[in-house]
Amino acid sequence: MNTDPIADYLTRIRNGVMAKHRVVEVPASNVKKAMTKILFEKGYILNYKFEDDDKQGTIKIALKYHPVTKMPAMTRLERVSRPGLRKYVNSEKLPRVLNGLGIAIVSTSNGIMTDKEARRLNIGGEVLCYIS
């Protein structure tokens, strides 16, 4: 039983990047699927695949590295809102990660999106994590 599945998701990716793995497997959920799609759209991961089995299913994430220097595309994955202390912000107080170079993933009433999309739609929500 995991009390914070989003923190587990970020930790698995962070550990895979630190160990220079090509692929990381994560137990699936709808929130994790939405976060994975955002990471792919913003260019932080190479590819992903949702695999369904009889139970929960898994997400296979292909990590992205620079072809020459072998530096990972993601250098910082930080959980912000957690079960013990939720972090909610309105549209004016949405955080900017690395002055706009990184992204903050926000759970809003319109679904999970980046801070830039939420700012454009003028909606706030729960800040899940920072990625840069």
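Me: Which exposed residues does the face of α2 turned away from its buried side carry?
Reply: That face carries Asn30 and Glu41; exposed means over 50% relative accessible area, buried under 20%, and partly exposed in between (1.4 Å probe, protein chains only). The model is predicted: local features need pLDDT of at least 70, side-chain atom pairs count only at pLDDT 80 or more, and totals for chains, interfaces and linings use all residues. Residues are numbered from 1 along each chain as its sequence is written, and side-chain values use heavy atoms, with hydrogens and water left out.

Me: And which residues of α2 are buried?
Reply: Lys32, Met35, Thr36, Ile38 and Leu39 are the buried ones. They lie on the same side of α2 because they cover an arc of only 160° around the axis, taken from the directions from the helix axis to the C-beta atoms.

Me: What follows α2?
Reply: Gly43 follows, and its phi is positive, near 85°.

Me: Changing topic: which residues touch the most other members of the largest nonpolar core?
Reply: Ile13 and Met74 do, in a core of 24 residues. Such a core is a set of buried Ala, Val, Leu, Ile, Met, Phe, Trp, Tyr and Cys residues joined through side-chain atoms within 4.5 Å.

Me: Which element gives the most to this core?
Reply: α1 does, with five residues. Helices (H or I, at least four residues) and strands (E, at least two) are DSSP runs, numbered from the N terminus.

Me: What is Met74 in contact with, leaving aside neighbours within four places in sequence?
Reply: Its contacts (heavy atoms within 4.5 Å) include Ile13, Val17, Leu39 and Ile131.
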